[in-house]
Amino acid sequence: MTMTPETDRPIRPEGRTALPMVGHTRGSRSPVTCHLRCGDACSLPVPNPTDGPTFREIAEEALTRRAVLRGAAAVATVATIGGTAWSGSPAAATPRVAKPVARRGSHRRLGFAPIAPVARTVDDVTVPDGWHWDPIIRWGDPVVKGAPAFDPDHQSAQAQSGQFGYNNDYLDIIVTDHRSTRALLVCNHEYTNEAIMFPPDMDPAERIRTAWAAHGLSVVELRRRHKGQRWTYVPGARLNRRITLDTPFLLDGPAAGSPLLRTEADPTGRRVRGTMNNCSGGTTPWGTVLSGEENVNQYFYAAGTSAEEKRYGFGPTQDSRNWRSVDPRWDATKPGYVNEPHRFGWIVEVDPHDPTATPVKHTAMGRFKHEGANVVINRDGRVVAYMGDDERFDYVYRFVSRRRYRKGSSRNDREHNLRLLSEGDLSVARFTGDGLEDGVSDGSGEWIPLTRDGRSMVPGFSLDEVLVFTRLAADAVQPTKMDRPEDVQPNLHNGRVYIACTNNTDRGKPGKEGATEPNPRTANKDGHVVELVPSRGDHAASTFSWNLLLVCGDPATAGTYFGGYTGEVSPISCPDNVAFDSDGTLWISTDGQPGTIGFNDGLFRVQLDGRDRGKVEQFLAVPTGAETCGPVVHDRDGSVFVAVQHPGEDGTWAAQQSAFPDFVRSGHRPRKGEFAGPRPTVVQVTRGRR
Ligand code: FEO
Ligand code: CA
Ligand code: CA
Ligand code: CA
């Protein structure tokens with residue numbers, strides 16, 4: 001249901017369907033699904049045991065203190081779009097205003113009245129008035145030539161290996177012709193939820209093999225007749241491809257071939273079967289897609305006794321999927337497989353334009369719980385990649401390539417660019433706050449080198465060890481512990497970098513680090529967004545400054561901060577993926593709102609400049625139980641795309657919690673034999689009615 005917000009009266013969120021939530025009260029997800037998503041990371045001890053302070057700590061609730069320092073002049077009134085008037089504590093520090101960017105009209109192209117927050121029971125995509133949504137492709141739809149149609153009662157690994165995978169996360173729509181009638185859809189499939197995917201009587205071994213085939217990535221050709229029309233996908237098209245846990249990968253970079261990466265099945269330490277837990281990513285200027293292998297610990301059985309295993313969360317309670325019952329490589333206690341876990345947790349690079357290309361895992365970019373990687377061509381031609389390690393109290397990283405990007409389109413140029421991420425310098429961020437005195441958030445920071453010119457910069461760590469056990473090497477140089485940094489993405493329009501820190505409810509607990517300037521709240525359930533400003537506009541510089549852009553939450557709650565903006569805003573919580581439209585305006589998708597502010601996750605537009613800096617407007621909401629992933633904003637084309645991940649996640653095969661998208665969209669009741677359950681789906685949102 002869509003509604004036009006009104007400033008002066010609350011609008012009660014509601015929707016066309018009301019499904020009961022099941023399970024627990026705190027958050028929207030059961031422990032079962034937490035385990036499938038990230039190996040129950042939030043229930044386990046924080047894997048970063050290092051002591052602070054690693055930089056100057058400030059008093060808890062730093063924002064409130066700043067507001068006091070700044071005095072009454074800072075008091076602002078922020079109202080909620082579609083909610084109640086703001087009545088919380090004063091707004092906090094005022095960041096320096098970003099340099100204005102010339103407006104080129106994306107607002108006219110993507111004009112919308114923000115939707116009101118949507119109740120977490122609503123099993124539908126909610127879009128603004130005058131807009132509508134369509135699925136492009138759903139889990140199980142045939143992708144490669146010869147793949148069968150989705151048959152939920154008779155799934156198999158063979159069928160799934162040619163069909164669209166489960167739980168679409170990172171997404172890009174890469175237009176490939178000048179008329180804008182052809183495109184490639186590239187998307188990650190982060191993880192499986194077998195309870196709601198497969199019939200309960202499915203053969204256990206085939207169920208596991210089918211889950212392997214539902215992981216990885218998809219490349220799918222899209223077509224349309226005219227620019228501005230909706231896209232449809234082409235089953236069996238030439239470039240269509242599935243990459244799964246059985247696809248051959250090459251390890252490259254300095255650690256390739258290291259004894260730390262060799263197994264019985266791969267004594268070279270250079271060839272890995274498959275990729276998994278591919279979360280977010282980025283598309284490179286040379287047309288490839290980067291994908292982050294994130295919570296890979298949850299797939300292995302391991303002793304969990306070594307410092308390396310503990311720091312990465314490997315242990316004996318992590319393999320709820322019991323994959324080792326089908327393939328011993330998932331048992332890291334078995335001789336010959338102790339290094340298999342080291343072969344996951346990398347940034348992988350896939351060339352979607354060449355279905356025969358072997359994808360690569362880049363060891364030069366380090367190994368941790370990679371959310372994703374986003375690259376920018378620095379002004380000196382080197383490629384700079386920004387990366388987050390999505391764990392409570394973990395770090396933000398930067399990679400700077402040794403070689404320079406070549407603009408040409410010759411075969412040589414392309415091959416050169418395909419090797420850019422194979423050699424370079426890895427560093428980790430230390431944020432230093434100094435904004436207390438005048439209440440202005442003008443923090444500084446530095447990139448601490450971990451590798452330089454092909455050498456380790458960390459005493460006591462070999463180059464291989466820095467790259468394979470990057471977390472441990474980083475611990476030794478005291479970077480800043482962040483609140484689960486997810487997407488870290490440069491904005492090509494203003495040269496700044498946006499870091500989505502999704503949440504960290506452990507901050508400030510006994511024995512844990514308290515509030516710090518770049519992570520300003522204890523018990524941080526709603527997350528925040530940090531804006532990093534490279535020194536002199538140089539992405540390879542060793543220093544930076546930074547501001548807080550958003551401290552998320554319901555604006556009626558003390559401690560939230562919307563970039564200094566004082567007009568009405570949409571409540572926002574748990575920022576995860578970020579994207580920019582053609583004039584550099586920020587878009588944020590969320591993961592976790594049902595458990596924090598009680599609304600379905602969504603997609604939000606956030607202004608970065610001038611008086612509107614910090615204005616948050618909700619564009620869409622996803623169905624019950626889902627998270628919003630991979631936003632792609634083609635404002636010149638009037639279209640927005642999202643990956644609807646894990647709709648109805650709390651259900652089971654017998655008691656599905658979502659009928660998205662098929663029966664939500666068609667409106668009819670599922671007939672006997674029809675699959676009534678949820679299907680993760682890539683959705684396009686365009687103007688007009690369905
Ligand atoms: Fe898979 Fe960090 O979210
Ligand atoms: Ca994510
Ligand atoms: Ca992104
Ligand atoms: Ca997330």
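**Metal sites, strands and cysteines**

Guide: Begin with a metal site: the calcium ion (ligand 3) is coordinated by Asp487 (OD), Gln489 (OE1) and Val578 (O), at 2.3 to 2.6 Å. Keep in mind that this is a predicted model.

Visitor: How are the donor residues of the calcium ion (ligand 3) spaced in sequence?

Guide: Their pattern is D-x1-Q-x88-V. Aspartate 487 belongs to strand β22 (residues 485-490) and valine 578 to strand β27, so this pair ties together parts that are 91 residues apart in sequence.

Visitor: Are aspartate 487 and valine 578 buried or exposed?

Guide: The cut-off for buried is under 20% relative accessible area. Aspartate 487 has a relative accessible area of 3% and is therefore buried. Valine 578 is also given 3%, and so is buried.

Visitor: What relative accessibility do cysteine 279 and aspartate 576 have?

Guide: Cysteine 279 is at 3% and counts as buried. Aspartate 576 is at 1% and counts as buried too.

Visitor: How far apart are the calcium ion (ligand 2) and the calcium ion (ligand 4), and which residue coordinates both?

Guide: The two ions are 3.6 Å apart, and the residue that coordinates both is glutamate 486.

Visitor: Strand β27 has come up at two sites. How do I read the sheet around a strand?

Guide: Strands of a sheet pair through backbone hydrogen bonds, either parallel or antiparallel. Here, β27 is part of an open sheet of 4 strands, in the order β27-β28-β29-β30, with antiparallel pairing. Its edge strands are β27 and β30 (616-621), each of which pairs on one side only. From one strand to the next, the twist averages 25°.

Visitor: How many bridges join β27 to β28, and what lies between the two strands?

Guide: There are 5 bridges, and the two strands run antiparallel.

Visitor: Which strand does β28 pair with over 4 bridges?

Guide: Strand β28 (residues 586-590) pairs with strand β29 (residues 602-606) in the antiparallel sense over 4 bridges. Tryptophan 587 has arginine 605 in β29 as its bridge partner.

Visitor: How many residues of β28 are buried?

Guide: 5 of the 5 are buried, so β28 is largely enclosed by the rest of the structure. Both faces are covered: on one side Leu586, Ile588 and Thr590 are buried, and on the other Trp587 and Ser589 are.

Visitor: What is the strand order of the open sheet that includes β9?

Guide: That sheet of 6 strands has the order β8-β7-β12-β11-β10-β9, and its pairing is mixed. The edge strands are β8 (271-273) and β9, each pairing on one side only. The twist in this sheet averages 30° from one strand to the next. A parallel example is strand β7 (residues 248-252) with strand β12 (residues 360-362), which are joined by 3 bridges. Leucine 250 stands opposite valine 360 in β12.

Visitor: Let us finish with the cysteines. How many disulfides does a search of the whole structure find?

Guide: A disulfide is a covalent bond between the sulfur atoms of two cysteines. The search of the whole structure finds 0 disulfides. Cysteine 187 is in none, and its nearest cysteine sulfur, that of cysteine 629, is 9.1 Å away. Cysteine 552 is likewise in no disulfide, with the nearest cysteine sulfur, that of cysteine 574, 8.2 Å away. The cut-off for a disulfide is a sulfur pair within 2.5 Å.

Visitor: Are cysteine 187 and cysteine 552 buried or exposed?

Guide: Cysteine 187 counts as buried, at 0% relative accessibility. Cysteine 552 is buried as well, with a relative accessible area of 1%.

Terms used: Residues numbered from 1 in each chain as written. Chains lettered and ligands numbered in written order. Predicted model: local features only at pLDDT ≥ 70, side-chain atom pairs only at ≥ 80, totals over all residues. Heavy atoms only, no water. Donors = N, O, S within 2.8 Å, 3.2 Å for Na, K, Ca; no water. Buried < 20%, exposed > 50% of the residue type's maximum accessible area, 1.4 Å probe, protein only. Pairing = 2+ DSSP bridges. Axes fitted to C-alpha atoms, helices over the stretch in contact; angles between N-to-C directions.
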